[in-house]
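The points are grouped by topic for reference alongside the structure.

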Amino acid sequence: MSRHPGGQASGYRRLTRTASLAVLAAIALLLAACSSSGSSSTSTGGSSSSSSSSAGSSNVGAGKSVTLGTKNFTEEFIIGALYQQALTAKGYKVVYKPNIGATEVVDKALTSGQIDAYPEYTGESVATVGGINTAVTSQQQEYDLAKNFYTKRGQSMSAMTPFFDTDAIAVTKAYADKYGLKTTADLKKIPHFTLGARPEFQGREEGAVGLQKDYGINNFSFKSLAIGLQYQALDSGAVNAADVFTTDPQLASGKYVVLSDPKHIFGFQNIALVINTKKLGELGGQQFMAVINKVNALLTTPAIIAMNKAVAIDKQQPADVAKAFLTANHVTS
């Protein structure tokens, strides 16, 4: 195909652009409906009334700059783009650094001052960052443990999202049927299996260590997989089981069975922004948090799954999907 302007290639690009705009328009309508559907927003991080009034000021961030990072997968890219655009609309200058790395890497970027803030999962905050091994039974308990840990370390948390996205072990439907797999504990029924996951999963309590210690599952070999390759590896038989995220859009296909986690080793994993407390004060404190909390309150499970699908499967850009979502929900114009 020709690469120079004009001719067939140019026409193709116009058609592709038109199709992309049509997809984004459809996404915007879907996301507006998703965010207003039944999930209730979780409390914490300040009252909603004060947050709403503070977020309403159009230029609260004028002259203030924040460096925002994200971890290294689709859902984080989307949430980072949502925060970036919502803050920019309120006048903040956002230096955006997506795709920094796994929890251990991005937390080090936070504590070393390379970034001021990033979106983190509450279970990761507790187990991986805080090294806290307390068994949790609710989303609120997990959030409170994380918040207490960060407060002592000089960081603050926003309110958490209504949705939570936890790790889980998934297998193909055929494999589940063969061995009668319904819960994570059922993996002990298998003589031996190959478990695929991102590299850091192997050494985590909320990972292979927890499978061994809490479930007594030792009958597996570990295969390191880059994030995003789990489903391909399951389909090809390269692995028998894989670590997945429960908001992955691929799970809606019906091809996979997600094993329940009765011991809650993977936690609940709501999202909250973690930010250096001193920096938060410089940014306006509650005025800044009000912007983040307004976005977080809209992030229901259907909304985040729809956005994940738009990026991971429909191949839209995170920034475009974030813009459609924020516009549809009247956060930005």
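Three helices, α3 (74-89), α9 (230-236) and α12 (301-312), each contribute at least two residues to the lining of the second largest pocket. The model is a predicted one. The protein contains 13 helices and ten strands, and buried residues account for 50% of its 333 residues.

**Second largest pocket**

- The volume of the second largest pocket is about 260 Å³.
- Its lining consists of 16 residues, and those nearest the centre of the pocket are T74, G228, D248, Q250 and A312.
- By class, the lining of the second largest pocket comprises six nonpolar, six polar and four charged residues.

**Largest pocket**

- The largest pocket holds about 310 Å³ of space.
- A set of 16 residues lines the largest pocket, with N133, T134, A135, H264 and I265 lying nearest its centre.
- Helices α5 (122-129) and α8 each provide at least two residues of the lining of the largest pocket.
- Six nonpolar, four polar and six charged residues make up the lining of the largest pocket.

**Helix α8 and its surroundings**

- Helix α8 spans residues 208-215, and its buried residues are A208, G210, L211 and Y215.
- Viewed down the axis of α8, these buried residues fall within an arc of 160°, so they line one face of the helix.
- Just after α8, G216 adopts a positive phi of about 70°.

**Whole-protein features**

- Among contacts in the protein with a separation of 6 or more, 77% are between residues 24 or more positions apart.
- The protein exposes about 14,500 Å², of which carbon and sulfur atoms supply 54%.

**Points to locate in the structure**

- Which residues lie nearest the centre of the second largest pocket? They are T74, G228, D248, Q250 and A312.

Methods
Residues are numbered from 1 along each chain as its sequence is written. This is a predicted model: local features need pLDDT of at least 70, side-chain atom pairs count only at pLDDT 80 or more; totals for chains, interfaces and linings use all residues. Side-chain values use heavy atoms; hydrogens and water are left out. Buried means under 20% relative accessible area, exposed over 50%, partly exposed in between (1.4 Å probe, protein chains only). Helices (H or I, at least four residues) and strands (E, at least two) are DSSP runs, numbered from the N terminus. The arc is that of the directions from the helix axis to the C-beta atoms. On a 1 Å grid over the protein atoms alone, a cavity is a set of points where a 1.4 Å probe fits but cannot get out, and a pocket is an open set with protein on both sides within 12 Å along at least five of seven lines; lining residues have an atom within 4 Å of a point. Grid points are joined across faces, edges and corners, and a volume is the space filled by probe spheres set on the points. Ala, Val, Leu, Ile, Met, Phe, Trp, Tyr, Cys and Pro count as nonpolar, Asp, Glu, Lys and Arg as charged, and the others, Gly among them, as polar. Contact means heavy atoms within 4.5 Å. Accessible areas come from the Shrake-Rupley method with a 1.4 Å probe; for residues, only the protein chains shown count as cover.
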